[in-house]
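Visitor: I have a model open and would like to learn how to read its features. Could you walk me through it?

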Amino acid sequence: MADYEAVQRGPLRLKGSGAALGAGKRKKKKAKEKGQMLEQIVSSKKQEEEKKRGLDKRTPAQVAYEKMQEKRQMERILKKASKTHKQRVEDFNRHLDTLTEHYDIPKVSWTK
């Protein structure tokens with residue numbers, strides 16, 4: 001029992017904490033600061049849009065090309081989203097049925 005007499009009793013303390021236990025708490029942001037941040041975000045987005053308009057040096061053909069690309073992309077997405085997984089599997093199985101002996105392994109050796 002004499003070995004355990006030197007043990008410190010009570011709660012453990014971290015090295016850097018010292019006497020200020022509440023120093024690690026964060027302060028809550030005020031509503032005023034949030035409003036200012038939202039205004040800054042909105043104003044920065046408006047400035048970016050104005051810069052894009054001013055710096056847009058694409059030809060009308062390039063603009064039309066990009067619009068058509070976006071339109072085609074949207075059509076592809078809508079086409080893929082129109083069928084369910086079950087319908088796709090059924091279509092694939094129908095396609096495999098039309099193929100001739102699609103499940104056969106081709107002959108590899110030419111000596112036999």
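Guide: We will go from the overall fold to the charged side chains. Keep in mind throughout that this is a predicted model.

Visitor: Then let me begin with confidence: what pLDDT does the chain average?

Guide: The chain averages a pLDDT of 80, and 79% of the residues score at least 70. Among the helices, confidence is highest in α2, at a mean of 92, and lowest in helix α1 (residues 31–55), at 78.

Visitor: How many helices and strands does the chain have?

Guide: The secondary structure comes to three helices and zero strands. Along the sequence this reads as α-α-α.

Visitor: What share of the residues is buried?

Guide: Buried residues make up 1% of the 112 residues in the chain. The accessible surface comes to about 12,300 Å², and carbon and sulfur atoms account for 57% of that area.

Visitor: Now the charges. How many salt bridges does the structure hold?

Guide: A pair counts when a side-chain nitrogen of Lys or Arg lies within 4 Å of a carboxyl oxygen of Asp or Glu. By that reading the structure holds three salt bridges. One of them pairs Glu 66 with Arg 58, where the closest N and O atoms are 2.1 Å apart.

Visitor: Which residues does Asp 91 pair with?

Guide: Asp 91 forms a salt bridge with Lys 83, the closest N and O atoms being 2.5 Å apart, and another with Arg 94, at 2.7 Å. Arg 94 and Asp 91 both lie in helix α3 (residues 85–98), three residues apart, which is about one turn of the helix. Through shared partners, the salt bridges join Lys 83, Asp 91 and Arg 94 into one network. As for accessibility, Asp 91 is partly exposed at 26%, and so is Lys 83, at 40%.

Visitor: Which residues form the positive surface patch?

Guide: To join a patch, a residue needs over 30% relative accessible area and no salt bridge, and like charges are joined within 9 Å. Here the positive patch is formed by Lys 71, Arg 72, Arg 76, Lys 80 and Arg 88.

Visitor: Which helix gives the largest share of the patch?

Guide: That is helix α2 (residues 60–82), which contributes four residues. Arg 88, in turn, is found in helix α3.

Key. Residues numbered from 1 in each chain as written. Heavy atoms only, no water. Buried < 20%, exposed > 50% of the residue type's maximum accessible area, 1.4 Å probe, protein only. Helix = DSSP H or I, 4+ residues; strand = E, 2+ residues; numbered from the N terminus. Patch = residues over 30% accessible without salt bridge, like charges linked within 9 Å, V, L, I, M, F, W, Y side chains within 5 Å. Areas by Shrake-Rupley, 256 points an atom, 1.4 Å probe, with all protein chains shown as cover. Lys, Arg positive; Asp, Glu negative; His and termini not counted. Charge placed at Lys NZ, Arg CZ, Asp CG, Glu CD. pLDDT = per-residue confidence, 0-100.
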